[in-house]
Amino acid sequence: TLLHTTWRKRFSMRIAISHYYWDYPESEYGLPAALARRGNEVILSVWKGDSGRMRSYEANGFRVFMLPGVNLASPMGWAKIKNPYVSGMKALYDDFSPEIVDCQSHLFFTTVESMREARRRGIPSVVTVRGVMAKRGFVVNSAQRVYLHTVASRVFKDATLVRCLTESDALEVERYGCPRGKVRVIPNFVDTEEFAPDAECGESILWYGRFVEEKGLRHLVAAAGELLKSDSGARFVLAGHGPQREAVSRMAEGLGIAQSLSMPGAMDRKGIVSLLRGSSIVVVPSTKEGMPFSLLEAMSSGKAVLASDIPGINDIIKDGENGLLVPPSDPAALAKGLSTLRKDQALRERLGKAARRTILDRFSERTIVDSIEAMYREARGLAHG
């Protein structure tokens, strides 16, 4: 069999976490690893990126299953969009016999498949909403709206409980057929020991994540060009990968600021920690978010954060208290905020300390995983009540 079933009596719950795909695997290991540390038996399934044979491996106390499948967005001509349909889910769940399934994001067919298997077995399912909708251009956004009113609406109705990261998302999912009584608002968490303030502190302005439209990178590069006119010593680091990476690089070259902007590519966790140590400011210029891990990690690391004033961010940052907020899609406001932080070390230190306190008080692993486990137990009670 795929799993050592003889040892299962040692575990509190058997939890199957269903993911779609990932650009940064380590960022998705946090929840299953935390659940495993608490004595739960956890598996994480995800599309392996092609239709080849399934493979699996151990990771931080849980097991990852990379399932074969096809990208259903490809036949529609959306080469840069991923929405996989995987095979092997039934066999995996037959062997593992999960007691609860946690489906990551309502927007993907992997969630539809996982919930179908949960219904077949009469076990509860949780859907975790990681942002209600992604911004991907007019055509894709229109397709998402159709999906939200049809497939996702059915997903919300069939789920035992729905976890939203923010109150704003909780309100928004109601528009797509999610009963409010099913919603539990539980934010993301951060490893406060791994992401902690350090004596080292560089001077770079850091952004990291996926190079996609809603991250606001065009606005950040435009702001960088504006700031460098008066502050030629500013240095930017944009780390990550994604479909807009080349376009961002070309934009920097066109503005003549490529020499002031480094793009080191995707980083593992140690690399991100190193980048944070080398930065004095972290900027999050997104136009739409769920609840970005980069924001939580930067705040936990005691960095001064400049971010867009949008839901998912302003749920965490209070302007002038634990970070600075500026209007989204506003390069001039970004440049002004960056200039303010660059010139005022005392302000950076004050905001960074307050940011760290915010994370310790509200977003630590212990606090959030307590709530997630309670949600799982509630879902089990509802399913078997």
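Visitor: In what order do the six strands of the open sheet come, and with what pairing?

Guide: The order is β13-β12-β11-β14-β15-β16, with parallel pairing. A strand here is a DSSP run of E at least two residues long, a helix is a run of H or I of at least four, and both are numbered from the N terminus. A quick word on the source: this is a predicted model, where local features need pLDDT of at least 70 and side-chain atom pairs count only at pLDDT 80 or more, while totals for chains, interfaces and linings use all residues. Residues are numbered from 1 along each chain as its sequence is written, and side-chain values use heavy atoms, with hydrogens and water left out.

Visitor: What makes β13 and β16 edge strands?

Guide: β13 (261–262) and β16 (324–326) each have a single partner strand, so one side of each has no neighbour in the sheet.

Visitor: How do you know that β11 and β12 pair?

Guide: Two strands pair if DSSP finds at least two bridges between them. Strands β11 (residues 204–210) and β12 (residues 236–241) share six bridges, in the parallel sense, so they pass that cut-off. Trp207, for instance, stands opposite Leu238 in β12.

Visitor: Which helix lies across β11, β12, β13 and β14, and at what angle does it run to β12?

Guide: That's α7 (residues 217–230), at about 165° to β12. The axes are lines fitted to C-alpha atoms, for helices over the stretch in contact (heavy atoms within 4.5 Å), and angles run from 0 to 180 degrees between N-to-C directions.

Visitor: Why is β7 called mostly covered?

Guide: Buried means under 20% relative accessible area, exposed over 50%, and partly exposed in between, using a 1.4 Å probe and protein chains only. In β7 (residues 100–104), five of its five residues are buried. Both faces are covered, with Ile100, Asp102 and Gln104 on one side and Val101 and Cys103 on the other.

Visitor: Which strands does β7 pair with?

Guide: β1 (residues 14–18) runs parallel to β7 and is joined to it by four bridges. Four bridges also link β7 to β8 (residues 125–129), again in parallel. Asp102 shows up in both pairings: Ile17 stands opposite Asp102, and Val126 is the bridge partner of Asp102 in β8.

Visitor: Is Ser105 buried or exposed?

Guide: Ser105 has a relative accessible area of 4%, so it counts as buried. Ser105 sits in the loop between β7 and α4 (109–121). Leaving out residues up to four places away in sequence, Ser105 touches Tyr20, Thr111, Val127, Thr128 and Arg130. Phi of Ser105 is near 85°, a positive value in a residue other than glycine.

Visitor: What makes Asn60 exposed?

Guide: Its relative accessibility is 53%, so Asn60 counts as exposed. Asn60 lies in the loop between β3 (55–59) and β4 (62–67). Phi of Asn60 is near 55°, also a positive value in a residue other than glycine.
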